[in-house]
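Here is a short briefing on charged side chains and their surroundings. Please look over the sequence and structure first.

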Amino acid sequence: MLTNCHSYYSFKYGTISTEDLIKVLVHHGYTSFALTDINNTAASIDFTRLAAQHKVQPVVGVDFRNGVQQQYVAIAQNNKGYQEINEYLTPHLHEKIDFDAQAPAFKNAFVIYPFSYADDELRSNEFIGVSPDDLKQLPFSHWKNKQDKLVIKHSCTFRNKHDYNAHRLLRAIDKNTLLSKLPPEEQATEADTIMPQEELLQLFAEYPTIIENTQQLLASCSIDFNFGTNKNKQVFTQSTEEDFQLLKKRCEEGLNYRFPEKREEVIQRMNKELEVIRDLGFCAYFLLTLDIIDYARSENFYYIGRGSGANSLVAYLLRITNVDPIDLDLYFERFINPFRQSPPDFDIDFSWTDRDAVTRYIFDTYGYDRVVLLGNYITFKYKSAIREIAKVFGVPDDEIVTLQKNPSAASNSKYGQWVIKYSQFIDGFPSHCSIHSSGILISEEPISCYSSTELLPKGFPSTQFDMYVAEDVGLHKFDILSQRGLSKIKDSVDIIRENTGVDIDIDDIDHFKRDERIKELLKVGMAIGCFYVESPAMRMLLTKLKADDYLRLVAASSIIRPGVAKSGMMREYILRFQNPERREQARKDLPELYNILEETYGVMVYQEDVIKVAHYLAGLSLDEADVLRRGMSWKFRQRNEFWKVREKFFNNCQQKGYAEQTIADIWRQIESFANYAFAKGHSASYAVESYQALYLKAYYPREYMTATLNNGGGFYRAELYLHEARMHGAIIEAPCVNRSDWPCTIKGKHLFLGLFMLYGLEKKSVQLLLNERGLCGEFTNLPDFVNRVPISLEQLLILIRIDAFRFTGKTKKELLWDAHHILGHSKVTKPEPTLFQAKVQEFELPDLWEHELEDAFDELELLGFSLSSPFKLLEKQLPSLLKSADLPRLINKTVAIVGYLITRKPTRTSTGESMSFGTFLDIDGHWLDTVHFAHSFKRYPFRGPGCYLIRGKVVEEYGFICVEVNQMYRLHNQSLEENTRLQKPLAIGG
């Protein structure tokens with residue numbers, strides 16, 4: 001009986017989740033109703049899935065509105081009607097144009113106009129909607145005599161007054177206005193509250209024709225998305241058999257490349273995988289992935305294949321991945337098994353400079369009507385919701401900050417209480433459509449069969465539903481990602497060739513795995529700039545594991561993930577690695593578990609470990625085990641199927657006689673990390689890229705650091721990568737108008753900073769500079785530069801202050817004098833072109849005093865860091881000359897040492913208290929690690945960047961040394977103003 005229901009996917013308007021909407025309507029006696037969210041079909045597919053679970057007939061459509069002013073409601077009679085609605089809606093969303101007052105001539109959809117609709121001429125599929133409030137006017141309307149064209153249109157948006165209040169707050173947030181100033185036309189009325197069906201029918205009792213029309217309209221609607229069937233592009237060639245033969249042919253070609261000796265076990269595994277792939281209908285999926293890879297290789301794009309698909313020999317033979325599943329003994333069933341309904345996921349990483357080209361290739365090749373980026377939602381978060389709701393109540397900013405930090409403070413204010421109450425309510429509400437970080441869908445049918453689309457700035461459309469809905473309906477994504485690690489490797493190879501003349505075979509992974517220099521770097525965690533292994537936490541882990549081989553690096557790549565570390569399993573893995581007796585005890589305690597996970601000492605490290613344990617230990621089927629793995633995602637965990645499998649896991653373990661505590665411990669491991677840990681093949685793919693980076697770092701560190709700087713660095717700030725280059729012999733040069741380019745460059749050992757690193761220097765100015773220098777050669781002096789490059793005084797001063805004209809032999813202050821003389825009239829805009837050459841009148845200037853640290857302070861302002869040692873900036877002499885190299889002989893001793901802060905990682909103790917880990921450089925530029933437990937962290941917090949005096953106890957565990965901090969003081973830098981005030985008169989007097 002309801003033709004106009006809204007969920008909270010009517011963004012910043014609706015207030016009810018899709019499932020709650022179904023539940024409350026069923027509770028009120030409705031068995032059929034239409035979900036018609038405003039200007040989107042985001043929830044339509046999920047609504048249809050959920051409706052079946054609640055034995056409700058699903059009807060879907062769209063409430064077409066200009067702003068919040070309703071034009072009409074369109075309701076799909078069937079799937080074709082749903083497609084029509086999407087195809088009408090999409091261009092309006094893309095071009096941001098209003099809807100006409102009259103609906104288009106839909107062939108398979110009903111249209112319901114508001115009662116105020118003026119046109120008497122209605123098509124056969126068009127009706128006028130009558131709301132309960134409209135009943136007062138109906139007796140006096142000409143529609144009274146045309147009841148065959150009338151249906152009930154009771155808009156259902158709220159359950160109660162609380163929902164209505166939340167709606168008004170959402171509308172005020174959307175319009176960025178105070179609640180008190182929200183216009184009535186920008187909000188609904190309380191009349192849009194859900195009422196029981198019996199009450200609604202009673203209101204329309206005098207108009208049985210209208211009731212019957214409404215019932216017939218809804219009854220004639222039927223939509224079915226055939227959930228669980230594969231909706232991806234079904235055939236790559238002309239037939240499924242031709243697909244299989246092509247896939248097999250390409251695998252056999254790859255066999256010659258990957259395994260020249262053609263071992264029998266490899267051929268058997270290949271044939272087994274191919275048969276399962278064919279039986280499950282995934283040949284096209286593999287061939288589509290291969291086509292993307294073929295294109296990337298033809299364009300010389302660097303890429304790395306990962307995801308669960310990296311467990312596949314077929315993927316290795318096709319060169320989608322560089323991970324040998326035979327060598328690594330990868331678990332085939334994590335990649336694919338006969339019970340699996342969805343294809344394995346391939347995550348293909350490209351350089352951040354290449355991904356857009358790959359994405360465009362996919363759209364151009366397979367069609368914009370069948371290719372789409374996967375959508376996502378930006379949701380309200382509790383703390384941000386506090387700010388948004390407080391703003392519409394007019395709460396001052398300082399009070400908002402107080403509420404965010406301490407919500408209990410709301411008890412002192414009526415408005416504060418409302419803010420907290422409604423912030424908690426809208427926490428998790430979708431705010432607007434966004435985009436998945438990497439997912440692309442390639443559909444057999446037009447995308448409009450499933451969704452209308454949004455348009456991104458780069459011109460690619462995206463769905464209005466997310467990855468969970470896509471998976472439910474059978475659209476399985478291809479993950480096309482970008483990362484800077486690949487760009488660093490690609491650029492490094494080019495820079496090395498240019499600077500040294502050496503060509504690197506960056507795919508010689510087997511050689512890299514055996515390389516002794518790389519082993520030494522790994523063992524001590526000296527991997528600055530190297531993909532995935534450069535962070536302080538990974539440096540600690542690699543040191544404790546003495547990880548000098550590929551397998552340990554693969555394990556470390558997964559162990560470092562949040563879930564494994566948080567569950568205590570990272571710690572347990574380290575202890576069992578270091579202590580054979582502890583391993584043996586673990587084997588005795590639960591031999592069944594240990595035998596399944598012997599490679600990782602009985603500790604779950606990889607995603608497939610969940611499947612192994614669930615299958616072999618708890619006796620679940622492979623598809624049930626995969627449900628368990630996927631169920632670690634919080635959204636999937638809401639599903640009934642997860643809880644059924646979880647119950648079966650516990651029941652089976654109990655029937656096998658395992659102790660309750662043992663079952664609980666195993667479950668805790670599964671629950672704590674499965675959503676964060678990697679598949680082993682995925683970790684192995686990361687490790688391959690790490691080895692490539694480590695090789696470049698080991699043999700060409702200066703060039704590699706140059707590439708790292710040009711690609712945005714990594715875990716650390718640019719300053720550290722320059723420091724690392726300097727530690728490997730690079731001579732760091734400030735930007736120079738004659739030697740520097742937009743990126744950093746290296747010539748021999750001289751690393752010239754790129755002009756892109758200068759704060760405030762516009763790219764347009766740099767382009768003009770580089771174009772002129774390329775055409776007419778280097779600049780001879782400042783007037784020559786100004787005559788040839790149209791540049792404002794403001795931009796020129798940046799170049800002078802960074803000493804980019806040092807080749808002239810003049811001091812910066814002399815150059816500043818000249819610049820003001822030439823361009824003093826043009827401070828922020830470039831000077832007009834003139835026929836006359838700029839000339840500098842030579843003045844006899846007095847000696848202009850310069851502070852010895854003036855360059856350093858200019859660098860701090862323009863680069864964000866000084867090119868000289870931070871310890872030289874200190875106000876007083878160093879209070880300690882102790883170095884990191886001295887710490888091994890001072891274990892368990894209390895020391896005082898000075899360090900320059902690089903980064904810190906705040907965390908919490910098991911009791912919820914704040915603590916932190918610190919990473920510093922000592923006076924020789926080597927690592928100094930600290931741990932700040934709650935008692936000292938509270939008394940001696942970090943106070944911003946700079947040098948610190950650290951007092952504490954030196955501790956060591958398995959080769960990793962750090963200082964447990966008792967006291968910490970930030971050391972003061974010299975003040976340029978103070979020194980200038982004291983010394984400037986003397987300079988003038990001279």
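In which loop is aspartate 507 found? Aspartate 507 sits in the loop between helix H18 (484–500) and helix H19 (509–514). The model is predicted. The points below cover a negative surface patch, salt bridges and one buried serine.

**Negative patch**
- Asp327, Asp505, Asp507, Asp508 and Asp510 form a negative surface patch.
- Aspartate 507 has 48% relative accessibility, so it counts as partly exposed.
- The cut-off for exposed is over 50%, which is why a value of 48% falls in the partly exposed class.

**Salt bridges around arginine 171**
- The structure holds 51 salt bridges.
- One of them joins the side chains of arginine 171 and aspartate 174, at 2.9 Å from N to O.
- These two residues are three apart in helix H4 (residues 161–175), so about one helical turn separates them.
- Arginine 171 counts as buried because its relative accessibility is 3%.
- Aspartate 174 has a relative accessible area of 38%, so it is partly exposed.
- Arginine 171 also meets glutamate 186 in a salt bridge, at 3.2 Å from N to O.
- This second pair links distant parts of the chain. Arginine 171 lies in helix H4, while glutamate 186 lies in the loop between H4 and helix H5 (197–203), 15 residues apart.
- Both arginine 171 and glutamate 186 are buried.

**Other salt bridges**
- The side chains of glutamate 265 and arginine 263 meet in a salt bridge, at 3.2 Å from N to O.
- Glutamate 265 is partly exposed, at 44% relative accessible area.
- Arginine 263 is partly exposed too, at 29% relative accessibility.
- Elsewhere, Arg801, Lys812, Asp855, Asp858 and Glu861 form one network, joined by salt bridges that share partners.

**Serine 131**
- Where is serine 131 found? Serine 131 is in the loop between strand S6 (126–130) and strand S7 (150–152).
- Is serine 131 buried or exposed? Serine 131 is buried, with a relative accessible area of 15%.
- The cut-off for buried is under 20%, so 15% qualifies.
- Which residues does serine 131 contact, leaving aside neighbours within four places in sequence? Serine 131 is in contact with Lys153 and Phe204.

Key: Residues are numbered from 1 along each chain as its sequence is written. This is a predicted model: local features need pLDDT of at least 70, side-chain atom pairs count only at pLDDT 80 or more; totals for chains, interfaces and linings use all residues. Side-chain values use heavy atoms; hydrogens and water are left out. Patches are made of residues with over 30% relative accessible area and no salt bridge: like charges are joined within 9 Å, nonpolar side chains (Val, Leu, Ile, Met, Phe, Trp, Tyr) within 5 Å. Accessible areas come from the Shrake-Rupley method with a 1.4 Å probe; for residues, only the protein chains shown count as cover. A salt bridge is a side-chain nitrogen of Lys or Arg within 4 Å of a carboxyl oxygen of Asp or Glu. Lys and Arg count as positive and Asp and Glu as negative; His and the chain ends are not counted. The place of a charge is taken as NZ of Lys, CZ of Arg, CG of Asp or CD of Glu. Helices (H or I, at least four residues) and strands (E, at least two) are DSSP runs, numbered from the N terminus. Buried means under 20% relative accessible area, exposed over 50%, partly exposed in between (1.4 Å probe, protein chains only). Contact means heavy atoms within 4.5 Å.
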